[in-house]
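Take a look at the model before reading on.

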Amino acid sequence: MLISQISKQDDVWVALFQRNNSVFLDFFMRVSILFTRFASTSWHSNRYITSRYELSKLAIFAGATGPYNYCFSHSKKLSAVILSSECERVSIDIEPLERQLTKTLKVKIRETFPSLMLSELGIIMILECLIKVQPVSTSFGLVAGLFGDVPIEIVKLGQDNFAVNFKDKRFYSRIYILNNLFICITREKNQFPLNLEYFND
Amino acid sequence: MNEKFKLLIAEALEMDLADINEFLALDPEENWDSIALLSVISGIDTQYGIQLNGDELANCRKISEVYDLINKK
């Protein structure tokens, strides 16, 4: 398990973990979170149970005892959670480095963002994060964003650092590479570490 | 279900063409994530000139249901 603090000025934490399909572990996690504020609303799904359980561990690790904001991302057997104990709006998206996009999808993305110096997969990840960080979050939002039906502007600020303008709101995104994954983190403040650091679980 | 459609699905789901059949399950936790959805939407838009609704597509749980969506348009 990776745990990393995104910013020392404020409490934003990320955890990356592998899901386990063990029946015993699944039962243990369900019981562990049942009567906590992290109780899942999707009890049928192992990945949400696991994510909620890992969120509860991350909150304890980060000392987050008050209100919080969080976001999950899943890719195959890996999951990630981002937690802000100051209720800053934050989101995360993970994708395998080897993830391939179809030609038609790449063309669509380039039609919408013709001059942006970022891979098509990176653009999708930033848009996914934007949709997660907004109050509205459906796959329709992603389709509309990618196909240019809603005005979204992505501005490159640095090598892996981007500003995302949507309506009157601005968010900031950074894309990391770690554990054969692209990890995109989006938040309201433009404060990111150069690398995600490991802590032992 | 024709070869053109199967090829589109195979590319979108990063699977072998031989493994694509009408009973193939679409599992949001395995092969039916947002990028797969976008790949299918963009492919169908380009090849069939049909714009599928993202929410409708996301609710499909078998390839045959995606094929039916196209035929209804």
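## The sheet in chain A

Strand 3 of chain A and strand 4 (residues 78-84) of chain A run antiparallel and are joined by 7 bridges. Strands here are DSSP runs of E with at least two residues, helices are runs of H or I with at least four residues, and both are numbered from the N terminus. Two strands count as paired if DSSP finds at least two bridges between them. Within this pair, S73(A) stands opposite A80(A) in strand 4 of chain A.

The model is predicted: local features need pLDDT of at least 70 and side-chain atom pairs pLDDT 80 or more, while totals for chains, interfaces and linings use all residues. Residues are numbered from 1 along each chain as its sequence is written, with chains lettered from A and ligands numbered from 1 in the order in which they are written.

In chain A, 4 strands form an open antiparallel sheet in the order 1-2-4-3. Strand 1 (2-7) and strand 3 (69-75) of chain A are its edges, each pairing on one side only. From one strand to the next, the twist averages 15°; axes are lines fitted to C-alpha atoms, for helices over the stretch in contact, and angles run from 0 to 180 degrees between N-to-C directions.

## A helix across the strands

Helix 2 (residues 46-62) of chain A lies across strand 1, strand 2 (12-18), strand 3 and strand 4 of chain A, and runs at about 40° to strand 4 of chain A.

## Where chain A meets chain B

Contacts (C-beta atoms, placed from the backbone, within 7 Å) link 16 residues of chain A with 16 residues of chain B. The largest share of chain A's side, 5 residues, comes from helix 5 of chain A.

Conventions
Two residues are in contact if their C-beta atoms, placed from the backbone, lie within 7 Å.
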